[in-house]
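Reader: I am new to this structure. Please take a close look at one part for me. How many salt bridges does the structure hold, and where do some of them sit?

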Amino acid sequence: ANCNSAISCLEERSGNAEEQTRCLSEAHGSTARHLQYLVDHTVTPAVKKAAEDHDWIVALDSRTQALEAHKADAVEKISQLHGASNAMLSSLSELSGRHNDLAITTTLLQEELAETRTGAGVDHVRLDDAVRHIAEMQQGKRDQDVALRR
């Protein structure tokens with residue numbers, strides 16, 4: 001009877017253990033399915049997104065480095081253009097001074113030309129008068145020569 005009771009107790013415990021094993025197995029299966037769902041719908045997309053973000057960051061870093069190099073070139077060219085602009089501004093200032101000098105010289109030459117023309121006009125009148133007097137004197141001499149020959 002003790003043996004039967006012990007066997008009965010062991011069978012009951014074995015049945016309980018089997019029930020607990022079945023429950024644990026179902027819970028394990030459910031947990032495994034939930035974990036797989038979590039991996040499939042959360043972890044895997046997050047890892048994929050992280051890889052895409054990493055690639056984007058690498059491309060962005062490469063573009064940033066290229067822009068930094070371009071910036072250095074642009075700064076150098078701007079510096080050169082600034083120097084050329086200053087040189088051209090200096091040349092422009094010098095040319096403006098020369099232009100002003102030429103304008104003054106031109107005005108003075110025009111005034112002198114006007115004076116020279118006026119003087120030439122007066123000299124022309126004097127020359128015409130002198131030519132007329134010479135012609136009159138030559139005519140007078142001819143007249144005297146004719147009168148003396150008579």
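Author: The structure holds seven salt bridges. Here, a salt bridge is a side-chain nitrogen of Lys or Arg within 4 Å of a carboxyl oxygen of Asp or Glu. The model is predicted, so local features need pLDDT of at least 70 and side-chain atom pairs 80 or more, while totals for chains, interfaces and linings use all residues. Residues are numbered from 1 along each chain as its sequence is written, and side-chain values use heavy atoms, without hydrogens or water.

The setting is helix H1, residues 2-149. Helices (H or I, at least four residues) and strands (E, at least two) are DSSP runs, numbered from the N terminus.

Start with Asp53 and Lys49. Their side chains meet in a salt bridge, 2.9 Å from N to O. Both residues lie in H1. Four residues separate them, about one turn of the helix. Why can such a spacing bring side chains together? An α-helix has 3.6 residues a turn, so residues three or four places apart point the same way. Side chains of opposite charge can then pair when their charged atoms come close.

The cut-offs: buried is under 20% relative accessible area, exposed is over 50%, and partly exposed is in between (1.4 Å probe, protein chains only).

Move along to Asp129 and Arg132. This salt bridge is 2.2 Å, N to O. The two residues sit three apart in H1, again about one turn. Asp129 has 29% relative accessibility and counts as partly exposed. Arg132 counts as partly exposed as well, with 44%.

Next come Lys141 and Asp145. Their side chains meet at 3.4 Å, N to O, in another salt bridge. They lie four residues apart in H1, about one turn of the helix. Asp145 is partly exposed, with 28% relative accessibility.

One group goes beyond a single pair. Glu19, Arg22 and Glu26 are linked in a network of salt bridges.

Now another kind of link. Cys3 counts as exposed, at 57% relative accessibility. Cys9, at 34%, is partly exposed.

One last stop is Asp101. This residue has its place in helix H1. Asp101 counts as partly exposed, with 49% relative accessibility. Follow the chain 33 residues from Asp101 and you reach Ile134. The C-alpha atoms of Asp101 and Ile134 are separated by 47 Å.

Back to your request, then. The structure holds seven salt bridges. Among them is the pair of Asp53 and Lys49, at 2.9 Å. The pair of Lys141 and Asp145, at 3.4 Å, is another.
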